[in-house]
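Open the model in your viewer and keep the selection tool ready. The stops below say what to select next and what is there.

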Amino acid sequence: MLMRPDLRTRQRDFLLEISRAITAQLDLGEVLRRVLRASVAMLAGRVGIVALGDDQDGKYLVRAYAGIGPEVVPQLNRKLQELMNPAEGEGFSREFLNAKLREMADAIDSQLGQSIAMPLVFAQNPLGLLIVFRSYQTAITPEDLNTLQSFADQAAIAVNNAQLYGHINQERQRLEAIVDNSGDGVFILNPDLTFQQANIAFERMTGWKTDEVIGLAKNEVIVWDRLDNPDLENALDSGWPAQSRDGGGARTLYVEGDLVRRDGMTTSLGITYAPLLKEDGRLESIIANVRDITNFRKAQEMQSVFISTIHHELRTPIAIIKGYASTLGREDVEWDSDVIRDNMAIIEDEADRLTDLVEDLLTASKIQASRELRLNVTDTDLQQLAARSVERLEVQSKHSFNFSFPPNFPVIQGDEARLRQVFDNLLTNAIKYSPPETTITVGGQFTASSVTIFVRDQGAGIARDQIDKIFDRFYRIDDRLTRRAHGTGLGLYLVKAIVEAHGGEISLKSQVGSGSTFYFTIPRE
Ligand code: ADP
């Protein structure tokens, strides 16, 4: 043992070294090793260990050691568990503690004569244990304890720092993961409106890579083709966020419009800006949440198209029915029976048109609600369905109809009523969108596993860029031909849904000016 004045100086030197290690933010392992080295040297010990409670389950494990090899550590860890979890009745008595420390000393080397243990405590939280083993047994002086206490306190500070740092780091990573994986685009602006950060969803929405935007000015990246409300700069000029437009309450700012993506395409976005303020109220940064509102816009547009189409499509037959009915009902005229029959036929046709329309709307809303169609599957003869559909529609059209089915065309498993809707829709379109006196051909082919039906017309054809769109709900091509014909834009949407519900596929070959052929293929089983 050292003499008193030497001891003081050495203790001070060690403490200085340790606190330097802590402030230099050396890693925890290194700080603990230095604490151990100092403790062992000061107490003239041979072996020292620092055990720390695990963050997750509180289990004590050796985290630093001096004077032993790694092979002893597992055994010491086991002893530590026993020490920390006394069996019932044993409790943390001095005897129990001493007995366990003795067992630990024996596990290391039976020659070890004495052990001194000191808890690491920070703000009344037990964090671990510092234990020094000596070769010989001698009285443990208050100085010994004092010395060890001062090192244990340093170790506790270092452990607490490391835990805080770990927590902060974890929290930062958690926040980063949330931002990165958010389905919404997120970007953060500095007070001078340059980019600090952006996430992957933002990259997807705007085409700007997350690492490219850092440091760029907001207006280099956020370029509006059309803006529905004042932009961030205008808001800042008028005092946002200190004076927010809604008079205090919510400090966020919402901006919406069509943004020019990096690739030049436009996309509809809504951006919510939220200020992050420093303590003195100045802007620290602005956090922006970006939402793709293309679908919302589309839905809004669709709704208004839907309302005007339905309005038009419902009004026309109702007006015709009302007109003919009131004409027939005039009391001042005697109608002869031919006129009555003709007019009644027209009323009936128009009522049928209304029924079909209502039926289409119902089917469409069913598909929309459940995303699938229920089928009532029976043996279905598509060739016969085609013939019946043609028979029904032929009377109202001036087209000539052709059939092209190979012999022994197979019967398939399908929903007859729905497949009738498919033929009706495809044939009605062929009639509506091709000039009278031209030919419409319905035919089929089959293989061992599937049947394919086609409906061919000699009409105006469909431009390539319209082919994908005509199967959308309420979509009608904006041209003279379509405007002249009645329709809701639901027909092909339903056709596609019905064919797909049968496990089939629909396709189209078309040449502008020379006609279109719609194909659908359905598996035979
Ligand atoms: P609609 O009720 O308007 O006929 P559909 O969904 O059946 O609705 O068709 C969508 C659009 O596709 C039509 O408005 C029309 O512009 C176009 N179209 C459909 N079939 C044909 C065809 N055989 N030839 C040319 N254009 C067609």
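## Stop one: an enclosed helix

Select helix 14, residues 491-501: eight of its 11 residues are buried, so the helix is largely enclosed by the rest of the structure. Buried means under 20% relative accessible area, exposed over 50%, and partly exposed in between, using a 1.4 Å probe and protein chains only. Helices (H or I, at least four residues) and strands (E, at least two) are DSSP runs, numbered from the N terminus.

This is a predicted model, in which local features need pLDDT of at least 70 and side-chain atom pairs count only at pLDDT 80 or more, while totals for chains, interfaces and linings use all residues. Residues are numbered from 1 along each chain as its sequence is written, and side-chain values use heavy atoms, with hydrogens and water left out.

Now colour the buried residues of helix 14: Gly491, Leu492, Tyr493, Leu494, Val495, Ala497, Ile498 and Val499. Among the elements that cover them are helix 10 (337-370), helix 12 (416-432), strand 16 and strand 17. Just after helix 14, Gly503 takes a positive phi of about 80°.

## Stop two: the hairpin

Move on to strand 16 (residues 505-511) and strand 17 (residues 515-523), which pair in the antiparallel sense over seven bridges. Two strands pair if DSSP finds at least two bridges between them. Select Glu505 and you will find its bridge partner, Thr521, in strand 17. Three residues lie between the strands of this hairpin, where Gly513 has a positive phi near 95°.

In which order do the five strands of the open sheet lie? The order is 12-14-15-17-16, with mixed pairing. Strand 12 (400-404) and strand 16 are the edge strands, each pairing on one side only. Neighbouring strands of the sheet are turned by 15° against each other on average, direction ignored.

Ser404 has Gly443 of strand 14 as its bridge partner. Next, show helix 11 (residues 382-394), which packs on the sheet and touches strand 12, strand 14 and strand 15 (450-456). Contact means heavy atoms within 4.5 Å. The direction of helix 11 makes about 175° with that of strand 12; axes are lines fitted to C-alpha atoms, for helices over the stretch in contact, and angles run from 0 to 180 degrees between N-to-C directions.

## Stop four: a buried arginine

Finally, select Arg297 in helix 9 (residues 294-328). Arg297 is buried, with a relative accessible area of 16%.
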